[in-house]
Amino acid sequence: MATSSPAPAAAGPAAPGHTDNGPAELYSPGRVFSWPELQAMAADGILSQLYQRGYMLPGTAATPQLRARAASFAVPPAIRQRVVAGRMTAAWIYGCAGEPDRLALLVDATRRVSSLRSTRGCTLHEVRLGPFDVVSLGGLMVSSPLRTALDIALHVDAERALPALRKMLAAPELDVRLRLLTLAVEATPRVPHKKAALEKLSALQAQPG
């Protein structure tokens with residue numbers, strides 16, 4: 001990343017207070033700081049990069065709300081309320097997977113997706129979403145923990161899926177239970193990867209750690 005623009009004159013941390021993009025714990029390019037300034041402060045150790053254009057003070061806990069807020073900066077405002085962060089992106093937001101290279105965004109099949117195809121840095125997946133499949137975090141809609149685990153079991157390769165699923169099952173605040181997840185996969189209409197998903201869950205049961 002280019003860091004040619006100088007940091008603000010103040011040598012200390014970024015001043016507290018709300019930016020135009022969210023709470024004081026997270027900063028993004030806007031009226032307070034430009035992107036080059038944020039990059040320069042990160043290079044100097046004044047800020048830490050959370051995701052793409054989202055920065056926070058060193059030592060700030062990276063909560064699901066902050067990760068979701070940082071991810072939202074990469075989604076054009078015009079479509080932010082029409083998409084849902086899902087799959088491995090949602091797992092990262094919940095703290096159960098590594099930072100995604102591209103955001104995985106779910107689009108309900110009842111919505112028109114043709115206007116979203118040109119969204120850069122994102123992968124769109126047309127799906128059907130139920131009333132309990134979506135939660136709101138940090139100004140971004142995110143697939144619920146159970147829906148996230150279901151989608152990962154069905155659509156993500158085992159090498160990446162199993163570690164994420166183990167972490168989700170081990171996080172009591174997410175309330176994802178293996179038996180319930182297995183029932184959800186079994187209840188899914190016939191899909192190409194259903195058998196593979198059940199094999200992943202069997203592996204989790206055999207090796208819970």
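**Notes on the predicted model**

1. Overall architecture. The protein chain has seven helices and seven strands. The model is a predicted one. Read from the N terminus, the elements follow the order α-β-β-α-β-α-β-β-β-β-α-α-α-α. The chain comprises 209 residues, of which 44% count as buried. Among contacts between residues at least 6 apart in sequence, 55% join residues at least 24 apart.

2. The nonpolar cores. The largest nonpolar core contains 50 residues, and within this core Ile152 and Leu165 touch the most other members. Another core lies apart from it and has seven residues, among them Tyr27, Phe33, Met41 and Ile46.

3. The surroundings of isoleucine 152. Residues up to four places away in sequence are set aside here. On that basis, isoleucine 152 touches Arg87, Met88, Ala91, Ala161, Ala164, Leu165, Met168 and Lys200.

4. Threonine 89. This residue is found in helix H3, which spans residues 87–93. Threonine 89 is buried, because its relative accessible area is 1% and the limit for burial is under 20%. Leaving aside neighbours within four places in sequence, threonine 89 is in contact with Pro100, Arg102, Leu103 and Ala104. For alanine 104 there is a further detail: its backbone nitrogen lies 2.7 Å from a polar atom of the threonine 89 side chain.

5. Strand E6 covers residues 134–137, and strand E7 covers residues 140–143. The two strands pair in the antiparallel sense over four bridges. Leucine 137 stands opposite leucine 140 in E7. Two residues lie between the strands of this hairpin, and glycine 138 in the turn has a positive phi of about 55°.

6. Serine 136. Is serine 136 buried or exposed? Serine 136, which lies in strand E6, counts as exposed because its relative accessibility is 61%, whereas the threshold for that class is over 50%. The C-alpha atoms of serine 136 and valine 84 are 9.2 Å apart in space, while the two residues are 52 apart in sequence.

7. Salt bridges in general. Side chains of opposite charge can pair when their charged atoms come close. In this model the count comes to four salt bridges.

8. Arginine 147 and aspartate 133. These residues form a salt bridge in which the closest N and O atoms are 2.9 Å apart. The pair links distant parts of the chain, with arginine 147 in helix H4 (residues 145–155) and aspartate 133 in the loop between strand E5 (122–127) and E6, 14 residues apart. Arginine 147 is buried, with a relative accessible area of 11%, and aspartate 133 also counts as buried, at 18% relative accessibility.

9. Arginine 147 and aspartate 151. Arginine 147 has a salt bridge with aspartate 151 as well, at 3.0 Å from N to O. Because arginine 147 and aspartate 151 are four residues apart in helix H4, about one helical turn separates them. Aspartate 151 is buried, with a relative accessible area of 3%.

10. Aspartate 157 and arginine 160. The side chains of these residues meet in a salt bridge of 2.8 Å, N to O. Aspartate 157 counts as partly exposed at 37% relative accessibility, and arginine 160 counts as partly exposed at 43%.

11. Cysteines. How many disulfides does the count give? The count comes to zero. Cysteine 96 is buried, with a relative accessible area of 4%, and cysteine 122 is buried, at 5%.

Technical notes
Residues are numbered from 1 along each chain as its sequence is written. This is a predicted model: local features need pLDDT of at least 70, side-chain atom pairs count only at pLDDT 80 or more; totals for chains, interfaces and linings use all residues. Side-chain values use heavy atoms; hydrogens and water are left out. A disulfide is a pair of cysteine sulfur atoms within 2.5 Å. Buried means under 20% relative accessible area, exposed over 50%, partly exposed in between (1.4 Å probe, protein chains only). A polar contact is a pair of N or O atoms within 3.5 Å; within protein, one must be able to donate a hydrogen and the other to accept it, and residues adjacent in sequence count only if both atoms are side-chain atoms. Contact means heavy atoms within 4.5 Å. A nonpolar core is a set of buried Ala, Val, Leu, Ile, Met, Phe, Trp, Tyr and Cys residues joined through side-chain atoms within 4.5 Å. Two strands pair if DSSP finds at least two bridges between them.
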